[in-house]
Amino acid sequence: MDFFIDCILDAWHDTWLMLPLLYIAYLVIEYFERKDSKDDKLFFALQKYGPLVGALIGLIPQCGFSILGAMLFVQGNITIGTLLAVFIATSDEAVPILLAEPALFSTLIFLLLCKFILAVAVGFFVDHVLFRHQKILRFEDLPEEEDEEVFEEDENNASACPCCYPEYPMALSALIRTIKIFAFVFLTTIAFNLLIGWIGEATLSQFLLTGSLFQPVLAAFFGFIPNCAATVILCQLFALGQLSFGSLLAGLITNAGLGFLVLFQYGENKKTIAKIAFLLWIVAVVCGVAFHLFT
């Protein structure tokens, strides 16, 4: 019993400082999520500049953009490369969690830079080398009524985010999100402390393939879990030193938020979904192993 209490106290000591930083991070995120913008400009930019814009919006810590990208792809409005750029750049809850750890600021900046470069490079490579003859429905070619209807539908779907609370005031919504994520981080920290105490750090490291080239492969599979819990666990393991940067990068590349669920929900061709998932996994493993070896 004393051991269990000690694990709880250690977890609280390790995580409570995250609370104010998490809240500030979510306030900033909420501000940009609620800020009025002309969605049509974003949609046209996605078609004109493709993966470049896809990578930029994917970096914004808002799972609605992966949903939006998937919706536009299902409707035939963006290319596979643009969709992959959004998915690769997306980091779900990793940004606010790493922001809440001052010691990991430099890691977060380096992580976002790597994801942006990879997203742009992979997106243009896919569109101009692997799939050069894709046909998309250009927004300027759609009738005005249909055009507005598509925009409205995309906006509604993109805002259908289970971790967001647009019906509440910004301060309250940010507080709810902060408490939810902090609670999960706190509980996972207790779990990891218990595991380390019961089975030993060496055994846990062996189980997680710490130091092995196969760890990024395992992390890339784990990243496909369509839930923010996956990114929280990946970040926690990295902060505890049980996950290499390459493995963290691999897991966050394949973690495309709810994007894949949208592809399945709206009846996208299963072979196309498999191709997208396979390309994501290959990029994640290759980059993860590379960073695992050289960092």
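Mentor: H10 passes H13 in a right-handed crossing. This is a predicted model: local features need pLDDT of at least 70, side-chain atom pairs count only at pLDDT 80 or more, and totals for chains, interfaces and linings use all residues. Residues are numbered from 1 along each chain as its sequence is written, and side-chain values use heavy atoms, without hydrogens and water.

Trainee: What makes a crossing right-handed?

Mentor: The near helix is turned clockwise from the far one by less than a right angle; anticlockwise is left-handed.

Trainee: Why is H10 called oblique to H13?

Mentor: The axes of H10 (residues 170-199) and H13 (residues 228-239) come within 10 Å and cross at roughly 50°. Under 35 degrees is roughly parallel, over 145 roughly antiparallel, 65 to 115 roughly perpendicular, and the rest oblique. Therefore H10 is oblique to H13.

Trainee: What makes H14 roughly antiparallel to H16?

Mentor: H14 (residues 245-254) and H16 (residues 270-294) pack at about 165°, with axes 7 Å apart. That angle makes H14 roughly antiparallel to H16. The crossing of H14 with H16 is right-handed.

Trainee: Which residues of H14 and H16 make the contact?

Mentor: Contact means heavy atoms within 4.5 Å. Among them are Phe245, Leu249 and Ile253 of H14, and Trp281, Ala284 and Phe291 of H16. The residues of this contact divide into 10 nonpolar, five polar and no charged.

Trainee: How much of the chain counts as buried?

Mentor: Buried means under 20% relative accessible area, with a 1.4 Å probe and protein chains only. Of the 295 residues, 50% count as buried.

How values were computed. Axes are lines fitted to C-alpha atoms, for helices over the stretch in contact, and angles run from 0 to 180 degrees between N-to-C directions. Helices (H or I, at least four residues) and strands (E, at least two) are DSSP runs, numbered from the N terminus. Ala, Val, Leu, Ile, Met, Phe, Trp, Tyr, Cys and Pro count as nonpolar, Asp, Glu, Lys and Arg as charged, and the others, Gly among them, as polar.
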